[in-house]
Amino acid sequence: MNAPLAGIRIVEVGHMLAGPYCGLMLADMGAEVIKIETPEGDIGRSVSPHFVGPHNAYFASLNRNKKSVVLDLAGDEGRAALGRIVETSHALVTNLRPSAIRKLGLTYDALRRWNERLVCVALTGYGLDGPYADNPAYDYVIQAMTGVMALTGDPDAPPTKAGYSAVDNSAGLVAAVGLLAKIVQGQGGQVDVAMYDVMLSQLNYLAGAALNAGETIERLADSSHPYVVPAQIFATANGWLTLFITHDKFWQTFCGEIGRPEWIADPKFATMAGRRKHRAEVIAAIAQVLRQAPASAWVRRLSPLGVVVAEVGTLNAALSSDITAARELVVALGDGRLPLQAVASPIRFQGYAPAYGLPPLLDEHGDEVLGRVRT
């Protein structure tokens with residue numbers, strides 16, 4: 001009830017992550033998302049070794065609350081069926097390669113005869129057109145090409161990818177924004193979202209420094225921020241601590257609590273500009289202090305004072321944390337008879353809470369969806 005996207009129908013022709021994550025965000029907000037699959041199904045149905053009943057854990061994490069319809073879009077019958085579905089739909093999102101998108105007729109130009117107001121979102125590696133359009137693109141490759149890997153990790157370590165699918169997830173979110181913008185506009189048309197573009201855009205202030213000041217952006221030790229000092233991880237007597245101090249007021253609080261009041265007046269330490277200029281000396285001094293106690297002890301001491309600090313933990317710890325429980329972020333899918341769980345939608349609305357249904361079995365909704373559009 002009161003779903004923000006109630007009455008909105010989305011067709012998803014996607015696989016693995018970026019396209020399905022876009023569809024997931026929309027489904028959680030109440031849109032009817034019809035997932036078109038080949039007879040073999042989305043690759044995501046078998047990519048993980050983990051199953052709960054008939055459901056693959058990877059697939060379940062991206063495809064709850066959707067409807068599955070099997071169509072052979074390479075044939076006339078399948079494409080005609082797709083046309084009848086999009087006739088009453090608001091948008092179609094796909095993350096196939098541009099050549100496949102065109103071959104299967106998934107562009108606005110190909111589908112507008114069925115529905116002039118249809119919004120068609122192509123989520124690709126390098127855009128629908130251009131010399132790189134049909135180059136293979138995966139999360140790993142885009143992280144490598146845009147500089148994300150070169151910016152991640154310690155200077156003496158190899159280039160490092162983000163620990164999760166940062167490109168796919170980011171592109172899925174951007175695609176959802178573009179799709180909804182066109183629906184709000186009330187006009188059909190083609191939306192072109194490229195994974196490469198998304199990641200370059202997300203390097204915003206770093207790109208700004210390179211473009212406007214000729215700065216060469218390099219990795220700094222211990223995940224350090226390029227401008228804010230201290231803002232990085234520190235080794236402690238037990239575990240790693242993340243410390244992020246942006247304002248001199250918090251710096252003064254920090255110095256008082258750790259027993260270094262002399263740093264408040266020292267020009268090398270007292271201001272953000274001074275700490276940045278004397279980064280190596282400041283970091284070495286802080287590191288020496290923080291090694292004297294465990295990370296958990298520093299969090300207990302500093303966090304109540306408003307200092308931004310956290311112990312570096314694991315995903316498993318986060319999933320079982322008090323914050324996750326308070327935010328009700330781990331949810332059961334379906335009626336609870338299967339022990340299938342997922343992370344809840346990150347978007348909250350007053351007066352609306354999603355019902356987290358099971359992911360669809362392959363072609364589970366074929367008869368329902370095709371039955372209502374047959375002529």
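In what order do the strands of the open sheet lie, and is their pairing parallel or antiparallel? The order is β9-β10-β11, and the pairing is antiparallel. The model described here is predicted.

## The three-stranded sheet

Strands of a sheet pair through backbone hydrogen bonds, either parallel or antiparallel. This open sheet has 3 strands. Strands β9 (231-235) and β11 (308-311) stand at its edges. Each of these two has a single partner strand, so one side of each is left without a neighbour in the sheet. On average, neighbouring strands are turned by 20° against each other, direction ignored.

Strand β10 covers residues 240-244. It is joined to β9 by 5 bridges. Within this pairing, A231 stands opposite F244 in β10.

Two helices pack on the sheet. Helix α13 (residues 279-290) touches β9 and β10. The direction of α13 makes about 45° with that of β9. Helix α14 (residues 295-302) touches β10 and β11. The direction of α14 makes about 150° with that of β11.

## Backbone features

Most residues other than glycine have a negative phi, and most peptide bonds are trans.

V229 and P230 are joined by a cis peptide bond, with omega about 0°. P230 is found in the loop between α10 (204-213) and β9. D222 is found in the loop between α10 and β9 as well. Phi of D222 is positive, near 60°. With a relative accessible area of 25%, D222 is partly exposed.

D363 also has a positive phi, near 65°. Its place is the loop between β13 (341-343) and α17. D363 is partly exposed, at a relative accessible area of 35%.

## Salt bridges

Side chains of opposite charge can pair when their charged atoms come close. The model has 16 salt bridges. The table gives three of them.

| Pair | N to O distance |
|---|---|
| E32 and R9 | 2.6 Å |
| D28 and R64 | 2.6 Å |
| E368 and K67 | 2.6 Å |

E32 and R9 meet through their side chains. The pair links distant parts of the chain, 23 residues apart. E32 is in strand β2 (residues 32-37), and R9 is in strand β1 (residues 9-13). Both E32 and R9 are buried.

The side chains of D28 and R64 meet in another salt bridge. D28 lies in helix α1 (residues 18-28), while R64 lies in the loop between α2 (57-63) and β5 (66-70), so the pair ties together parts that are 36 residues apart in sequence. D28 and R64 are both buried.

E368 forms a salt bridge with K67. E368 is in helix α17 (residues 366-373) and K67 is in strand β5, so this pair ties together parts that are 301 residues apart in sequence. Is E368 buried, partly exposed or exposed? At 38% relative accessibility, E368 counts as partly exposed.

Some of these residues belong to a wider arrangement. R9, E32, K67, E368 and R372 are linked in a network of salt bridges.

## The largest nonpolar core

In soluble globular proteins, nonpolar side chains tend to be buried together. Here the largest nonpolar core holds 30 residues. Which of them touch the most other members? They are I10, L26, A31, V121, L123, L179 and V193.

Six elements each supply at least two residues of this core: α1, β6 (91-94), β7 (119-124), α8 (166-185), β8 (189-194) and α9 (195-202). The largest share, 5 residues, comes from α8.

V121 shows how the chain comes together here. Leaving aside neighbours within four places in sequence, V121 is in contact with L92, V93, T94, A175, L179, Q190, V191 and V193.

## How α8 meets α9

The axes of α8 and α9 are 9 Å apart, and the helices pack at an angle of about 95°. The two helices are therefore roughly perpendicular to each other.

Which residues make the meeting? From α8 come A166, V167, D168, S170, A171 and V174. From α9 come M195, V198, M199 and Q202.

Technical notes: Residues numbered from 1 in each chain as written. Predicted model: local features only at pLDDT ≥ 70, side-chain atom pairs only at ≥ 80, totals over all residues. Heavy atoms only, no water. Salt bridge = Lys/Arg side-chain N within 4 Å of Asp/Glu carboxyl O. Helix = DSSP H or I, 4+ residues; strand = E, 2+ residues; numbered from the N terminus. Buried < 20%, exposed > 50% of the residue type's maximum accessible area, 1.4 Å probe, protein only. Core = buried A, V, L, I, M, F, W, Y, C linked by side-chain atoms within 4.5 Å. Contact = heavy atoms within 4.5 Å. Pairing = 2+ DSSP bridges. Axes fitted to C-alpha atoms, helices over the stretch in contact; angles between N-to-C directions. Parallel < 35°, antiparallel > 145°, perpendicular 65-115°, else oblique.
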